[in-house]
Amino acid sequence: MTVQGWLHRFNRWQRLLTWGMCSVAVCLLVLAKPGVAVQSADQPSPNTLLTQGHQAYEAGQLQQAKQQWQQAAHGYGQRHQPVDAALSLSYLALSYQELGQWQQAEQTIQQSLVLLEDNQAPASVLARVFNTYGRIQLALGQPAAALATWQKATAYYEALDDPVGQLGSQLNQ
């Protein structure tokens with residue numbers, strides 16, 4: 001076989017291989033699940049974001065805390081961790097309340113409660129969420145609803161044998 005024959009065959013195989021690789025790439029793109037996020041190395045984990053939100057809140061940096069808790073809730077949602085997402089939303093609702101964004105606070109705490117209704121949440125999470133919800137209800141001029149909500153929080157703290165939590169929710173009442 002001549003050199004020209006070999007070159008012709010080589011070019012033909014090269015085209016076939018290129019088309020095959022392109023076809024595989026297209027199939028992978030089509031079959032890939034949309035909405036599945038891959039966490040890059042430079043993105044903090046939801047746990048880190050939750051902690052950073054607490055640190056910002058304690059430092060009085062409410063906007064930063066709000067952003068951290070939004071990202072944490074989103075991250076937990078992507079990881080299919082609804083209880084952790086609900087807790088993050090509860091903290092987010094607290095930041096909205098502190099910022100005077102009452103409608104956002106109420107909507108966010110409602111989202112948190114919906115997530116908790118649909119999942120088996122530990123008493124510690126329920127106690128914290130109900131405590132936050134009571135604060136929001138009181139701020140919205142619903143003292144009777146706030147009292148009932150704080151009584152629920154107190155019951156969860158009692159079940160946990162958490163005297164500090166109990167005292168805090170009882171003082172709210």
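## Glutamine 55 in helix 2

Glutamine 55 is exposed, with a relative accessible area of 51%; the cut-offs used here are under 20% for buried, over 50% for exposed and partly exposed in between, with a 1.4 Å probe and protein chains only. This residue sits in helix 2, where helices (H or I, at least four residues) and strands (E, at least two) are DSSP runs numbered from the N terminus. Glutamine 55 and glutamine 68 are separated by 13 residues in sequence, and their C-alpha atoms lie 9.9 Å apart in space.

A word on the ground rules: the model is predicted, with local features needing pLDDT of at least 70 and side-chain atom pairs counting only at pLDDT 80 or more, while totals for chains, interfaces and linings use all residues. Residues are numbered from 1 along each chain as its sequence is written, and side-chain values use heavy atoms, with hydrogens and water left out.

## The overall picture

The protein has eight helices and zero strands, so to read its elements from the N terminus on is to read α-α-α-α-α-α-α-α, under the DSSP-run definition of helices and strands. Of its 173 residues, 32% count as buried.

Contact here means heavy atoms within 4.5 Å. Among contacts between residues at least 6 apart in sequence, 47% join residues at least 24 apart.

## Helix 2 against helix 3

How do helix 2 and helix 3 meet, and at what angle do they cross? The axes of helix 2 (residues 46-58) and helix 3 (residues 62-78) come within 8 Å and cross at roughly 160 degrees, which makes helix 2 roughly antiparallel to helix 3. Axes are lines fitted to C-alpha atoms, for helices over the stretch in contact, with angles from 0 to 180 degrees between N-to-C directions. Angles under 35 degrees count as roughly parallel, over 145 as roughly antiparallel, 65 to 115 as roughly perpendicular and the rest as oblique. The crossing of helix 2 and helix 3 is left-handed, a label for a near helix turned anticlockwise from the far one by less than a right angle (right-handed if clockwise).

Helix 2 brings Pro46, Asn47, Leu49, Leu50, Gln52, Gly53, His54, Ala56 and Tyr57 to this contact, and helix 3 brings Leu62, Gln64, Ala65, Gln68, Trp69, Gln71, Ala72, Gly75 and Tyr76. By class, these residues divide into ten nonpolar, eight polar and no charged. The classes put Ala, Val, Leu, Ile, Met, Phe, Trp, Tyr, Cys and Pro under nonpolar, Asp, Glu, Lys and Arg under charged, and the others, Gly among them, under polar.

## Helix 2 against helix 4

Helix 2 also meets helix 4: their axes come within 11 Å and cross at roughly 25 degrees. That makes helix 2 roughly parallel to helix 4, and this crossing, too, is left-handed. Leu50, His54 and Tyr57 of helix 2 make the contact with Ser88, Tyr91, Leu94 and Glu98 of helix 4. Sorted by class, the contact has four nonpolar, two polar and one charged residues.

Serine 88, placed in helix 4 (residues 82-98), is buried, with a relative accessible area of 0%. Leaving aside residues up to four places away in sequence, serine 88 touches Leu50, Trp69, Ala72, Ala73 and Tyr76.

## Aromatic pairs

Rings of Phe, Tyr and Trp (its six-membered ring) pair if their centres lie within 6.5 Å; planes under 30 degrees apart count as stacked, over 60 as edge-to-face and the rest as tilted. The count by this rule comes to three aromatic pairs. In one of them, the rings of tyrosine 57 and tryptophan 69 have centres 5.6 Å apart and planes at 40 degrees, so the pair is tilted. It links distant parts of the chain, with tyrosine 57 in helix 2 and tryptophan 69 in helix 3, twelve residues apart. Tryptophan 69 is buried, at a relative accessible area of 1%, and Tyr57, Trp69 and Tyr91 form one aromatic cluster.

Phenylalanine 130 and tyrosine 156 give a stacked pair, because their ring centres are 5.9 Å apart and their planes are at 5 degrees. Phenylalanine 130 lies in helix 6 (residues 123-139) and tyrosine 156 in helix 7 (residues 143-159), so the pair ties together parts 26 residues apart in sequence. Phenylalanine 130 counts as buried at 11% relative accessibility, whereas tyrosine 156 is partly exposed at 27%.

## Histidine 80 in the loop

Histidine 80 is found in the loop between helix 3 and helix 4 and counts as exposed at 70% relative accessibility. Its phi is positive, about 60 degrees, although histidine 80 is not a glycine. Most residues other than glycine have a negative phi.
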